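Please keep the sequence and the structure open while reading.

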Amino acid sequence: MSRKTMDQLNTVGRALDYIEAHVEDQPGLDEVAQAVGMSPFQCQRLFSRMVGVSPKKFLQFLTLQRAKAALEDASVLDASYDAGLSGPGRLHDLFVSVEAATPGEFKARGEGMTIRHGIAEGPFGPTLILASERGITGLAFVEASTDGAALDELSAPYRAASFIEDGNHAEALAARIFAPITGQHATAAGPLRLFLSGTPFQLKVWEALLRVPPGALVAYDDIAKRIRQPGAARAVGSAVGANLISYLVPCHRVIQRSGYFGN
């Protein structure tokens, strides 16, 4: 074997190791190429020739493997489900209290409520936060071109409420929400309150999501079984998609049983 071929094998080996070590970060071609001292074009061509798939395809394969492995341990949901909403199954061990709208309040669409909204900077970029005196009613990660549409979507269940733009309030809430990630101390005392407004079925699904442990993945049928409707995996998917409080109600933890993330 020539020295050139050996060098190429070593380079591709380093690329494979880098991708495997950084699966959670989902590195792009530019990052992988920089890590092994090549141009993106050279890295793509050499990797594809020697591995048989592109760096992107290899990353997708590893991601799928990890997702399937995570789903094999469905007991994580069983173990945490009985811990209660404030138990160790909460995302980042955040102290979160949840209040659900009554059927009458759900029908009233926020009549009599005042909801403050604003854009705050968070670890994932601009974050739109809506909150009433009852608690946070909406959270979404947005771009400047989409924040208007996101506000319309998050405010839809409360269209009879009064809305006030209040960026300072959003910033204060963001500091508490993301304190475990940013390493900052949350100065405000007491639990973060969430106010959920949805159909009885949606509320059951969202409350089940709150019991998914940190870093764990579950399948739609896992959630369906936990809410005692084992044949309702598709309806669970619709309820997960209707969740208006991203991150805090961790709909991103639910994937297809196949391991794919779907939509």
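Leu154 is found in helix α7 (residues 147-155); helices are DSSP runs of H or I with at least four residues, strands are runs of E with at least two, and both are numbered from the N terminus. The model is predicted, so local features need pLDDT of at least 70 and side-chain atom pairs count only at pLDDT 80 or more, while totals for chains, interfaces and linings use all residues. Residues are numbered from 1 along each chain as its sequence is written, and side-chain values use heavy atoms, with hydrogens and water left out.

**Surroundings of Leu154**

- Leu154 has a relative accessibility of 4% and therefore counts as buried (under 20% relative accessible area; exposed is over 50% and partly exposed in between, with a 1.4 Å probe and protein chains only).
- Neighbours within four places in sequence aside, Leu154 is in contact with Leu128, Leu130, Gly138, Leu139, Ala140 and Leu244, where contact means heavy atoms within 4.5 Å.
- Leu154 and Leu244 are 90 residues apart along the chain, and their C-alpha atoms are separated by 6.0 Å.

**Aromatic rings**

- The whole structure holds 7 aromatic pairs; rings of Phe, Tyr and Trp (its six-membered ring) pair if their centres lie within 6.5 Å, and planes under 30 degrees apart count as stacked, over 60 as edge-to-face and the rest as tilted.
- Phe124 and Phe141 form an edge-to-face pair, 5.4 Å centre to centre with 80° between the planes.
- Phe124 lies in the loop between β2 (114-122) and β3 (125-132) and Phe141 in strand β4 (residues 135-141), so this pair ties together parts 17 residues apart in sequence.
- Phe124 is partly exposed at a relative accessible area of 47%, and Phe141 is partly exposed at 35%.
- The ring planes of Phe178 and Tyr247 meet at 45° with the centres 5.4 Å apart, so the pair is tilted.
- Phe178, in the loop between α8 (167-177) and α9 (179-182), and Tyr247, in the loop between α12 and β8 (254-255), are 69 residues apart.
- Phe178 is buried at 2% relative accessibility, as is Tyr247 at 7%.
- Phe124, Phe141, Phe178 and Tyr247 are linked into a cluster by ring pairs.

**Helices α10 and α12**

- Helix α10 (residues 200-209) and helix α12 (residues 233-241) pack at about 80°, with axes 9 Å apart; axes are lines fitted to C-alpha atoms, for helices over the stretch in contact, and angles run from 0 to 180 degrees between N-to-C directions.
- The contact is made by Phe201, Gln202, Val205, Trp206 and Leu209 of α10 and by Ala235, Val236, Ala239 and Val240 of α12.
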